[in-house]
Amino acid sequence: MADVMCNGRWLMRDRTLLTIDETAAKQAAAQVAADIDAFVLEREASPYNKLVLLAGVERQESFEIQVKVPVADKDNVLRVLAGDQPEITKASHYREYDNYFMFENGDPDAARLRYREDEFVGDNDETYQVRTRLTLIGEEERSEFQTAVMLSRSRFLATADRRLRFYSEYFAPARQVAVSKDRLRWRAVYQETDFAINLTNSRRRNCPATS
């Protein structure tokens, strides 16, 4: 088609548009395409944005203070916990399988993402409940000191309803570290202070980055 007329008005003659600035329209379309590309690149570069698009997030204020020390003989700890002080309000046993996705995008609020699978273990060593979740942790909200005291302020939480391999490919971290833990945990009250005591055996291994 070389010519178009509508209601007695020529819209195109000899394949030349008469009512539209074709060059300006192409430039405007190219700018829109560039804006879309920039938006997608920004979204894909941010672990936080990826997490929001995937599952939504909940910000949790934790204000945790953790003191970590090596224990040569856990029986001494168990004997103290079996006594009258402190008062034990809850005891549990579970296995944790953590996979940390480490990012190098310069975003202090999204330095690492943890995929955690918890297996709650009963008295007969049977697993009676499994829970999986994602936790986005910023480096500026986590500080570790030579005294083994760690402070953390807040985290972003999201449900994890897909397999680990999916998250590894979706977030494409620079590094990945796997940590497995067998943990005994008690909630205790001592001198009107409520705190948690953990006895943990852990193993750590580095995983190859996803290409």
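Reader: How many aromatic pairs does the count come to?

Author: First, the ground rules. This is a predicted model, where local features need pLDDT of at least 70, side-chain atom pairs count only at pLDDT 80 or more, and totals for chains, interfaces and linings use all residues. Residues are numbered from 1 along each chain as its sequence is written, and side-chain values use heavy atoms, with hydrogens and water left out. Now the count: eight aromatic pairs. Rings of Phe, Tyr and Trp (its six-membered ring) pair if their centres lie within 6.5 Å. Planes under 30 degrees apart count as stacked, over 60 as edge-to-face, and the rest as tilted.

Reader: Why is the pair of Y94 and F120 called tilted?

Author: The ring centres are 5.6 Å apart and the planes stand at 45 degrees, so the pair is tilted. Y94 lies in strand β5 (residues 87–102) and F120 in strand β6 (residues 112–121), so the pair ties together parts 26 residues apart in sequence. Strands (E, at least two residues) and helices (H or I, at least four) are DSSP runs, numbered from the N terminus.

Reader: What makes F101 and F171 a tilted pair?

Author: Their centres are 6.4 Å apart and their planes are at 40 degrees, so this pair is tilted. The pair links distant parts of the chain: F101 sits in β5, F171 in helix α4 (residues 164–171), 70 residues apart. Both also belong to one aromatic cluster, with Y115, F166, Y167 and Y170.

Reader: How do you know whether F101 and F171 are buried or exposed?

Author: Buried means under 20% relative accessible area, exposed over 50%, and partly exposed in between (1.4 Å probe, protein chains only). F101 has 0%, so F101 is buried. F171 has 4%, so F171 is buried.

Reader: What makes R116 and E96 a salt bridge?

Author: A salt bridge is a side-chain nitrogen of Lys or Arg within 4 Å of a carboxyl oxygen of Asp or Glu. Here the N to O distance is 3.2 Å. R116 lies in β6 and E96 in β5, so the pair ties together parts 20 residues apart in sequence. Both R116 and E96 are buried. The structure holds 14 salt bridges.

Reader: What makes R13 count as sitting over the ring of W10?

Author: A charge sits over a ring if NZ of Lys or CZ of Arg is within 6 Å of the ring centre and within 35 degrees of the ring normal. The charged end of R13 is 4.0 Å from the centre of the W10 ring. K50 lies over the face of Y170, at 5.4 Å from the ring centre.

Reader: Why is I65 called exposed?

Author: The relative accessible area of I65 is 64%, so I65 is exposed. I65 is found in strand β4 (residues 58–67).
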